[in-house]
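Work through the exercises below with the model open beside you, trying each task before you read its solution.

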Amino acid sequence: MNNFKKLISKLWKSTSGRIGLILVALFLLLALGAPLLSPYDPVKQNLILRSSPPSFSHLFGTDLFGRDILSRLIYGARVSIGIGLGSAFLAVILGSAVGLAAGFLRGRTDTVLMRIVDLLLGFPKFFILLLVVGLGSPSIWLTASVLGALSWMEIARVVRGEVILIREMNYVKAATALGLSPMNIALRYVLPNVSGSIIVSATLLIGTMILIEASLSYLGFGVQPPDASWGTIMNQGRIDPLGTWWISVSAGLAIILSLIGFNLLGDSLRDVLDPRTENAQS
Amino acid sequence: MLDSEKLILRIEELSISYQSSGSGFWGNNKEIVAVNEVSLSVGRGETFAIVGESGSGKTSIAMSILGFVKPAAGTIEFNDLNLFSLDSKQLRETRRLIQPVFQDANSALNPRMTVETILGDGIAISDENEKREKTISLLKSVGLSPDFLKKYPHQLSGGQKQRLCIARALAPEPELIILDEPVSAQDLSIQAHILRLLSEIKKTKNITYLLISHDLNVVRILADRVAVMRSGIIVEESSCEKFFSDPTHPYSQELLENSGLIQRA
Amino acid sequence: MHKSENEIILSVQNLNVKLSVGDSYLSIIEDASFKLRKGTTLGLIGESGSGKSILCKSIINLLPGGSRLEGNVSFYPESGKPEDLLSLSEDEMRFIRGKEIGFLSQEPSSSMNPVMKCGQQVLDALPDSERKNTDGVPQVLKLLKNSGLKEPEIVANSYPHELSGGMLQRVALAAALAGRPKILIADEPVTALDASTRTGLMKLLHNLKEEIGLSVILVSHDIEFVSHWADDIMVMYFGGIVEFGETNKILSSPAHPYTKALVDLSKSFKSGSMPKTIPGDIPTMEVTISGCSFHPRCEYADDICSTTEPKSEAASHGGKIRCFHPLQQK
């Protein structure tokens with residue numbers, strides 16, 4: 001816990017780290033506290049107030065069915081950020097496992113795993129997503145799983161590269177000489193020393209995942225009603241983009257701000273967790 | 001000659017080579033011979049030094065004894081066991097009896113582990129209390145106080161880190177410690193402390209040192225016997241006294257002259 | 001003795017250096033003053049963490065951003081007025097670095113660009129007029145040859161990783177001398193090299209110094225080693241200069257207990273017996289020590305040493321010393 005506090009205070013020192021932290025914390029808060037924070041029921045239709053522009057009672061206006069957009073965005077944060085976090089988590093687990101195995105075992109395992117990575121990277125990711133999500137009935141879970149399963153390869157590459165460097169360190173040699181098992185060495189000596197770059201790539205990946213999910217939902221392939229992600233909400237503004245501009249603009253704003261938040265946080269984490277800068281400070 | 005029953009390590013006709021990519025873009029892989037049919041024997045309880053310049057192959061020998069480099073040919077026998085014919089379980093048990101101390105203590109300590117975990121990993125005791133006692137006694141044996149248990153490597157000074165590395169090497173109660181340039185990266189005052197510590201440890205425990213160094217001052221202080229390596233070959237092997245008073249090979253004489261230990265004839 | 005030996009080429013007065021660490025500043029160098037005589041070698045002795053590298057880097061302002069320097073560093077060029085190096089802008093400093101003051105660092109492998117051929121790196125260090133000229137290349141080969149490299153053409157065409165540490169340090173020396181500096185700061189130039197190649201490089205440096213009339217600041221942690229090459233010796237401890245004087249006097253009768261301990265230590269390594277030790281650990285810069293910074297490790301320390309900071313005073317050997325109880329000359 002002490003380490004966590006230290007990390008936050010280090011992030012707080014740079015402007016971009018501060019903005020990233022604030023934005024990410026804000027969106028997490030909105031997603032977690034949606035029932036308490038949203039002014040209206042997000043699914044309650046009010047046909048009298050159909051498509052009304054932003055006003056004091058409805059800050060971001062209402063949609064075609066008279067639902068309050070701010071409330072829908074706050075509940076949408078649960079879906080969008082949930083899918084972003086969930087898929088990134090899956091990608092980190094898969095990517096770290098593959099990267100660690102390939103980099104630590106080297107040899108044939110490495111060759112086979114990395115060729116699979118190359119092959120998957122060659123696939124048009126978005127097209128497969130459309131295909132898979134379009135075939136099934138896309139629940140939140142399915143979308144997150146498919147996104148995660150198709151995005152772990154970059155993480156695997158980063159982890160493998162780092163593992164190869166760490167594997168040659170003398171402390172790994174010393175652990176081998178102590179007779180520790182390869183599994184023990186991989187998990188306790190190698191993995192903790194690549195965790196910094198895993199955290200960084202994961203944070204950056206969350207933003208990408210949110211964007212891809214939004215694009216899917218915008219096209220109507222993502223989460224289905226009654227669930228709504230920011231992409232679904234944005235989709236509604238498509239029907240009359242000039243007449244109901246506030247729908248797309250407010251949903252777009254939510255997507256952009258969350259992206260900026262996660263990317264700034266990821267970049268600042270990279271600076272803070274880089275062992276070279278850590279050494280320079282000590 | 002040494003009594004063969006008292007041998008701890010016997011290396012016979014050991015050859016080690018590396019693949020090196022050629023200079024051109026598609027350059028042929030050249031084979032670089034680092035160690036060329038080297039034979040040597042180390043007696044139990046002695047300090048045997050391999051001296052030579054960087055690139056002479058001395059570190060390659062150390063790495064192959066530790067099992068990190070596969071030799072192209074030859075055998076290494078430890079306690080009359082051929083290290084290359086052991087199954088993986090035997091190998092892991094035997095390995096615990098051969099421990100390294102590296103030159104750069106910074107890269108030899110896991111930055112994410114506390115001193116207690118670093119040492120605990122080398123102790124084969126499952127009882128937590130006994131393990132802790134053993135850890136503390138290890139720290140004391142290298143002149144570090146128990147206050148260090150919860151510290152991380154970056155909170156230690158250079159000399160303290162090297163002491164910790166020595167404590168870790170002692171943890172599995174080894175019979176042979178390979179000292180790969182153990183003090184070269186340190187200030188003289190720290191070198192003095194570490195050298196004193198190493199010689200004290202040897203007095204109290206029945207340990208054999210294989211010392212790898214280019215620093216003849218350090219070799220003269222610690223070693224009983226000396227082998228001089230040049231381009232993968234041992235050019236001279238003799239007792240420490242004879243080597244420093246009456247070196248026979250011209251290359252040995254050159255090394256001693258360059259270190260200011262003998263005057264040019 | 002050359003008659004120019006009493007001419008001063010570099011003078012440092014009351015230099016204080018603070019590095020920024022997080023939100024605060026850490027004082028590294030405190031009140032350092034010394035003079036470098038023209039055409040001589042000044043040996044700067046100190047253990048790791050003594051601030052010797054920071055002192056060298058502050059002369060040509062190679063310190064990390066956010067560092068605070070106070071005091072006066074005067075460089076006396078061949079002609080013209082002395083320049084206060086601390087007041088120069090980064091642009092003006094570029095005309096000092098390499099051209100007036102060269103720098104040779106400890107690790108040749110990290111001071112060279114790994115993806116550039118060695119010849120090119122020496123070429124880049126030549127003064128603008130020569131570099132753009134067609135005789136740039138022969139000039140590079142000449143420099144490499146003067147650095148004791150027998151096959152300059154092959155070396156010039158090699159990448160740093162293809163050369164041994166000793167050869168690489170010779171290339172780095174050629175690059176450091178390419179701009180014809182008047183002063184060379186050599187920060188532990190041979191520490192990373194094999195013991196057997198050290199002497200060769202030091203002899204070369206010494207001969208070059210005599211030939212082109214360089215003034216050298218030679219940094220090392222080994223006082224005995226430096227004494228072979230230096231005219232004057234300056235000992236640093238915990239960011240302060242504790243003793244300064246002529247080499248033979250310092251070595252034969254050191255006045256500061258710390259210098260004495262270093263001399264004994266260094267000599268005992270050469271003797272082949274178990275070396276003597278200095279009690280205690282080298283303090284890190286984060287701690288504060290009241291009074292004389294060496295008093296916790298000093299066998300002669302008494303009450304005044306732990307309360308009052310000693311001033312720099314004239315020593316009986318003709319140099320300077322900071323100590324309340326200087327050792328008596330035998």
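## Exercise 1: chain B against chain A

Task: find how many salt bridges there are between chain B and chain A, and which residues form a salt bridge there.

Solution. Between chain B and chain A the count is 1 salt bridge, a term that stands for a side-chain nitrogen of Lys or Arg within 4 Å of a carboxyl oxygen of Asp or Glu. Asp121(B) pairs with Arg188(A), and their closest N and O atoms are 3.0 Å apart. The elements of chain B that give two or more residues to the side touching chain A are helix 2 (88-95) and strand 6 (98-101), where helices (H or I, at least four residues) and strands (E, at least two) are DSSP runs numbered from the N terminus. Strand 6 of chain B gives the most to that side, with 3 residues. Sorted by class, the side of chain B that touches chain A holds 10 nonpolar, 5 polar and 7 charged residues.

This is a predicted model, in which local features need pLDDT of at least 70, side-chain atom pairs count only at pLDDT 80 or more, and totals for chains, interfaces and linings use all residues. Residues are numbered from 1 along each chain as its sequence is written, chains are lettered from A and ligands numbered from 1 in the order in which they are written, and side-chain values use heavy atoms, with hydrogens and water left out.

## Exercise 2: chain B against chain C

Task: describe the area that chain B and chain C bury between them, and say which helix of chain B gives the most residues to the side that touches chain C.

Solution. Begin with the area: chain B and chain C bury about 2400 Å² between them, 52% of it on carbon and sulfur atoms, buried area being the accessible area (1.4 Å probe) that two parts lose on being put together, summed over both. Asp187(B), Leu188(B) and Ile221(B) supply 26% of the area that chain B buries against chain C, more than any other three residues. Helix 6 of chain B gives the most, with 9 residues.

## Exercise 3: confidence in chain A

Task: locate where confidence is lowest and where it is highest in chain A.

Solution. The mean pLDDT (the predictor's confidence in each residue, from 0 to 100) of chain A is 86, and 96% of its residues reach 70 or more. Confidence in chain A is lowest in helix 13 (residues 275-281), at a mean of 45, and highest in helix 9 (residues 170-177), at 95.

Technical notes:
Nonpolar A, V, L, I, M, F, W, Y, C, P; charged D, E, K, R; others polar.
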